[in-house]
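Dear colleague,

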Amino acid sequence: MSGANNGGPAFPRDHAADGHNGMTLRDYFAAKALQGWLASYPTDMGAYRATLGVHIVASFAYSMADAMLEAREV
């Protein structure tokens, strides 16, 4: 999805005057997916760091966020 549908603002507010309206729903979903994923990791994360780079894990979190946004459209 690559952010084509970012879901709009996660917490709508009118702050257009300062140039932003907060985080997008896509960012919020990705943060929640990442939080859940990291909470399931064992306390010794050395093996995970060696096999899964942080960029890959972040990419997976956004893939999950994109799937959640698509599910909302059904």
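**What was found**

Gly-7 is partly exposed, with a relative accessible area of 30%, where buried means under 20% relative accessible area, exposed over 50% and partly exposed in between (1.4 Å probe, protein chains only). Please bear in mind that this is a predicted model, in which local features need pLDDT of at least 70 and side-chain atom pairs count only at pLDDT 80 or more, while totals for chains, interfaces and linings use all residues. Residues are numbered from 1 along each chain as its sequence is written, and side-chain values use heavy atoms, with hydrogens and water left out.

Gly-7 sits in the segment before helix 1, helices (H or I, at least four residues) and strands (E, at least two) being DSSP runs numbered from the N terminus. Leaving aside neighbours within four places in sequence, Gly-7 is in contact (heavy atoms within 4.5 Å) with Leu-25 and Leu-69.

As for the chain as a whole, the secondary structure comes to 3 helices and 0 strands, in the pattern α-α-α along the sequence. Of the 74 residues in the protein chain, 18% are buried, and among the contacts with a separation of 6 or more, 44% are between residues 24 or more positions apart.

Helix 1 (residues 25-39) packs against helix 3 (residues 54-72) at an angle of about 125 degrees, and their axes are 8 Å apart; axes here are lines fitted to C-alpha atoms, for helices over the stretch in contact, and angles run from 0 to 180 degrees between N-to-C directions. Helix 1 and helix 3 are therefore oblique to each other, since angles under 35 degrees count as roughly parallel, over 145 as roughly antiparallel, 65 to 115 as roughly perpendicular and the rest as oblique. On the side of helix 1, the residues that make the contact include Leu-25, Phe-29, Ala-30 and Trp-37, and on the side of helix 3 they include Val-57, Ala-61, Ala-65 and Leu-69. Sorted by class, this contact has 14 nonpolar, no polar and 4 charged residues, with Ala, Val, Leu, Ile, Met, Phe, Trp, Tyr, Cys and Pro counted as nonpolar, Asp, Glu, Lys and Arg as charged, and the others, Gly among them, as polar.

Val-57 lies in helix 3 and is buried, with a relative accessible area of 8%, and its C-alpha atom is separated by 8.8 Å from that of Trp-37, 20 residues apart along the chain. Ser-63, also placed in helix 3, counts as partly exposed at 42% relative accessibility.
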